[in-house]
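Hi,

Here is the structure I promised to pass on. Have a look at it first, and then read on for what turned up.

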Amino acid sequence: KICEDKDLTYKFLKNANVPVPIGKSFDRNTNFEDIVKYTKSLDFPLVVKPKDGKAGRGVAVNIQDEITLKNAILRVNELGYDSFIVQQHVQGKEIRVYVLDNKVVAAANRIPANVIGDGHSTIAKLIEMKNEFRKQIPHLYYRPIKIDAEVRELIAKAGYTLESVLKKGERLYLRKVSNVSTGGDPVDFTEKLTEKQQSIAIAATKAIPGLTHCGVDMIIDDKGNGVILEINTRPGIGTHLFPVEGKARDVPKAIIDFYFPETIGERNLSSRIYYDLQ
């Protein structure tokens, strides 16, 4: 119940001295001038997100001016959300940390949808090739990069069109948010997470009464400081099982061993079961 309300989550995290972005919640009837007045204490860039949103729906990041801020709020209202949060934009790597029983089981760096130039393929062709690559990964099979208004906008802002050819090795980002469901790339980050960053993720989990395991979304800035964005009580584990780079982490094993400790070490490895999983 707490984690489904981002504003309530932040209150519990702040009470436990867990670092979170500075921000405030508003309802859809709030006068826009009052919101602008509040943002003077934050400065741009900003983030707008629904209080009870999921899968990045309605989230607008790196907002640089009042016009974009107003459009982001209008978008949240159009999606039918009653309230939203305006907060500071924290620059850095976005990391999903899976915490179980006060231990970090896995961590993944989620990179927004992107393509890398090969010197001869158009951006449209690179997206097609990237989607074929994603089909080779079970967790990403049904999560292609869709060419929509946001993708076209970011391509245009970079000075390109879908028919442009990127230089070899040049990376072009196609989304502002890093959700895997919209084309993001999960990269294993487990062994790169410092003890300090692990302790912040664990402290965030402890801050929520009765929370045994969850996915903690953290931004790590260039100084290595961690700030908690949100906590997911039903996190998708495919990010950790099927990273596009790095080692797969056996989250199911950790969960089963936690709930059924009497079966630890009793696996029959000679009898394997396989699923034809897309």
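A residue counts as buried under 20% relative accessible area, as exposed over 50%, and as partly exposed in between. By that rule Tyr259, with a relative accessible area of 44%, is partly exposed. Keep in mind that this is a predicted model.

Now the overall picture. The chain has eight helices and 11 strands. For its 278 residues, a compact globule would have a radius of gyration near 19 Å, and the 20 Å of the chain agrees with that. The C-alpha trace spans about 65 × 55 × 35 Å along its principal axes. As for burial, 46% of the residues count as buried. If you take contacts with a separation of 6 or more, 68% of them are between residues 24 or more positions apart.

The accessible surface is about 15300 Å², with 51% of it belonging to carbon and sulfur atoms. There are 41 positive and 36 negative side chains, yet the centres of the two sets lie 0 Å apart.

Then the aromatic rings: the structure holds four aromatic pairs. One of them is Tyr141 with Tyr142, edge-to-face at 4.8 Å centre to centre and 75° between the planes. Tyr141 is partly exposed at 24%, while Tyr142 counts as exposed at 60%. Phe258 and Tyr259 are also edge-to-face, because their planes are at 85°, with the ring centres 4.9 Å apart. Phe258 is partly exposed too, at 31%. Elsewhere, Phe26, Tyr38 and Phe84 form one aromatic cluster.

Cheers

Definitions and conventions:
Residues numbered from 1 in each chain as written. Predicted model: local features only at pLDDT ≥ 70, side-chain atom pairs only at ≥ 80, totals over all residues. Heavy atoms only, no water. Helix = DSSP H or I, 4+ residues; strand = E, 2+ residues; numbered from the N terminus. Rg over C-alpha atoms; globule rule 2.2 N^0.38 Å. Buried < 20%, exposed > 50% of the residue type's maximum accessible area, 1.4 Å probe, protein only. Contact = heavy atoms within 4.5 Å. Areas by Shrake-Rupley, 256 points an atom, 1.4 Å probe, with all protein chains shown as cover. Lys, Arg positive; Asp, Glu negative; His and termini not counted. Charge placed at Lys NZ, Arg CZ, Asp CG, Glu CD. Phe/Tyr/Trp six-rings, centres within 6.5 Å; stacked < 30°, edge-to-face > 60°.
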